[in-house]
Amino acid sequence: MEALKSMIKNNDINRILLFYGPEKYMKDFYLKKTVEAVIGDGDLTMNYDVFSEKNTTMDTITDSLETMPFFADRRVVVLKELDMMGKNKYANDLAEVLAKISETTYLIIVETEIDKRKKLYKAVKKIGHIVEYPYLGESDLVKYIARGLGRHKIKISGGDARHMIHYIGGDLTVMHNEIEKLVGYIGDRDIVNKDDIEAICQKSVESKIFELVDCMGTNRRSRALKLYHDLLLSKEPANRILFMLTRQFRLIYKSKLMSGEGFSQNDVAKKLKVQSFIVRKCMDQGRSFNIRSLESALEDALQTEIDIRTGVFHPDFAVEQLIIRYSG
């Protein structure tokens with residue numbers, strides 16, 4: 001990341017770039033910064049091609065790479081989420097042409113997941129520059145919130161920043177918007193606190209599901225049902241609630257298994273492809289469940305989905321019964 005920042009600052013950018021990782025906000029941010037550094041922030045129509053459709057052909061990509069800049073010195077071609085480092089059938093063809101790309105053309109490949117064994121990855125590593133964008137850890141998210149508020153001369157404690165992360169989730173796009181809402185909400189005050197966060201920020205559905213599972217694990221059935229009904233009243237479909245409950249039980253189950261095998265919190269997070277603070281919360285929740293009860297919950301969640309799909313029970317009722325079964 002620091003090397004890319006230096007390239008942008010000095011306008012000395014490698015012509016072949018790979019951006020990868022799950023952190024979409026940062027990938028998009030540095031993609032924009034890189035494009036601006038290469039061809040400016042004016043009209044991008046003639047010298048900026050972005051291909052994001054899965055059916056993009058190699059001929060189309062090659063034509064774009066061979067096109068000369070129009071009344072400019074440089075042009076940029078972006079291949080976005082085409083699985084070029086995975087199963088895309090044109091990946092090897094692209095690897096062959098990398099070294100032949102015109103000196104006036106800059107290629108940026110953007111992916112979420114990659115396979116480092118692939119020929120294209122090895123080719124980019126040899127002649128280009130690779131930047132990974134992993135999820136930010138909790139400490140980095142705390143710093144991000146502090147910096148975002150600090151630009152407006154507003155302070156926040158570490159504890160309240162962590163509460164904000166757990167309340168709204170770790171998505172940086174959402175976090176950026178919620179920081180702006182907080183700035184407008186507190187007016188002339190220069191400190192944000194927990195009450196401000198809960199008053200103006202939108203609690204994420206993921207956070208509500210975490211609380212719902214907490215109540216199920218600690219036998220607080222009334223609270224669990226109230227949270228479920230609140231989700232329904234907020235127009236959250238029962239099918240989606242079931243999907244997220246199943247996902248949460250699966251995360252707890254896998255976290256508990258891997259933790260028992262000696263994996264660290266960060267290792268578990270990498271394997272499950274979630275942020276490390278989520279794994280910590282899953283491990284905490286795992287204390288309220290044993291392995292067998294989690295296996296049963298996953299089996300019953302699957303049966304609930306089958307009952308819904310086959311019309312045996314109405315979705316709202318089916319999910320409610322699952323919550324009742326595992327919260328008392």
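This is a predicted model: local features need pLDDT of at least 70, side-chain atom pairs count only at pLDDT 80 or more; totals for chains, interfaces and linings use all residues.
I'll start with the overall numbers. The protein has 328 residues, and 45% of them are buried. Its C-alpha trace spans about 70 × 55 × 40 Å along the principal axes. In secondary structure terms, there are 16 helices and seven strands. The accessible surface comes to about 17600 Å², and 50% of that is supplied by carbon and sulfur atoms. On contacts: if we take those with a separation of 6 or more, 74% are between residues 24 or more positions apart.

Now the sheet. Five strands form an open sheet in the order β2-β3-β4-β1-β5, and the pairing is parallel. At the edges are β2 and β5, residues 129-132, each of which pairs on one side only. On average, neighbouring strands in this sheet are turned by 15° against each other, ignoring direction. As a reminder, strands of a sheet pair through backbone hydrogen bonds, either parallel or antiparallel.

Let me stay with β2 and β3. Strand β3 covers residues 75-80, and it pairs with β2 in the parallel sense over four bridges.

Why is β3 described as largely enclosed by the rest of the structure? Five of its six residues are buried, meaning under 20% relative accessible area. So β3 is largely enclosed by the rest of the structure.

Last, the surface. Which residues form a nonpolar patch there? They are M46, F70 and F71, and together they have about 390 Å² of accessible area. M46 sits in the loop between α2, residues 24-39, and β2, residues 48-51. Is M46 buried, exposed or partly exposed? Its relative accessible area is 44%, so M46 is classed as partly exposed; the exposed class needs over 50%.

To recap: a parallel open sheet of five strands, a β3 strand with five of six residues buried, and a nonpolar surface patch made by M46, F70 and F71. That's it from me.

Key:
Residues are numbered from 1 along each chain as its sequence is written. Side-chain values use heavy atoms; hydrogens and water are left out. Patches are made of residues with over 30% relative accessible area and no salt bridge: like charges are joined within 9 Å, nonpolar side chains (Val, Leu, Ile, Met, Phe, Trp, Tyr) within 5 Å. Accessible areas come from the Shrake-Rupley method with a 1.4 Å probe; for residues, only the protein chains shown count as cover. A salt bridge is a side-chain nitrogen of Lys or Arg within 4 Å of a carboxyl oxygen of Asp or Glu. Helices (H or I, at least four residues) and strands (E, at least two) are DSSP runs, numbered from the N terminus. Buried means under 20% relative accessible area, exposed over 50%, partly exposed in between (1.4 Å probe, protein chains only). Two strands pair if DSSP finds at least two bridges between them. Axes are lines fitted to C-alpha atoms, for helices over the stretch in contact, and angles run from 0 to 180 degrees between N-to-C directions. Contact means heavy atoms within 4.5 Å.
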